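Visitor: I would like to learn how to read a few features of a model. Please take them one at a time.

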Amino acid sequence: MRPYPDDLIKSILRSVKTIIMVGSSAAEMRPSYFAMKYLLDKGFNIIPVNPTLPGQEILGQKVYPTISDVPPPVDMADIFRNSEAAGAVVDEAIANKDRLGLKVVWMQLGVVNEDAAARAEAAGLTVIMDRCPKIEYGRLSGEISWMGVNRRVIDNRKPLLFGKGGSLKRGTPKK
């Protein structure tokens, strides 16, 4: 597994506003559903991509069948597909990078595709693999430590969330 410095993850989470979530599900028990709900609650714009649900809504957000159908701007592609399928998703993201303004390709927990990552990096995209932005947000904002989880960050301040002025503040969240 590649090491990703906390500063890199923080800079991504601070700068990203709009995320396409490829492999979004309308099923409430699926990880993509609760990750989408969490990130929406934190003020991110989430655009679900699922070829079996085009035109429907997940958590009030219109579903698009492919990345090519998504309107700009988009900062990050979050991939909830298996490692093998991630290659084609990354290729579509690269093909739409300039049109969307895409800067980051993020592959979820358990999703690792080194060949796809190399192609994305060669195209100028930042790549994160085998991580979850929901978990990283909670860990780095201090929110996850409220449950007794070691977030691997040492400080003497009470953890503050992004939107409340903490060290990871990204701006005013949308309501």
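Visitor: Which residues in helix 3 meet which residues in helix 4?

Guide: This is a predicted model, where local features need pLDDT of at least 70, side-chain atom pairs count only at pLDDT 80 or more, and totals for chains, interfaces and linings use all residues. Residues are numbered from 1 along each chain as its sequence is written, and side-chain values use heavy atoms, with hydrogens and water left out. Contact means heavy atoms within 4.5 Å. Ala 86, Gly 87, Val 90, Asp 91 and Ile 94 in helix 3 meet Ala 116, Arg 119 and Ala 120 in helix 4.

Visitor: At what angle do helix 3 and helix 4 pack?

Guide: Axes are lines fitted to C-alpha atoms over the stretch in contact, and angles run from 0 to 180 degrees between N-to-C directions. Helix 3 and helix 4 (residues 114–122) pack at about 10°, their axes 9 Å apart.

Visitor: Is Asn 96 buried or exposed?

Guide: Buried means under 20% relative accessible area, exposed over 50%, partly exposed in between (1.4 Å probe, protein chains only). Asn 96 has 8% relative accessibility, so Asn 96 counts as buried. Asn 96 lies in helix 3 (residues 83–100). Leaving aside residues up to four places away in sequence, Asn 96 touches Ile 67 and Ser 68.

Visitor: Which residues are joined by a cis peptide bond?

Guide: Most residues other than glycine have a negative phi, and most peptide bonds are trans. Here a cis bond joins Pro 72 and Pro 73, with omega about -5°.

Visitor: What is the phi of Asp 130?

Guide: Asp 130 is not a glycine, yet its phi is positive, about 60°.

Conventions
Helix = DSSP H or I, 4+ residues; strand = E, 2+ residues; numbered from the N terminus.
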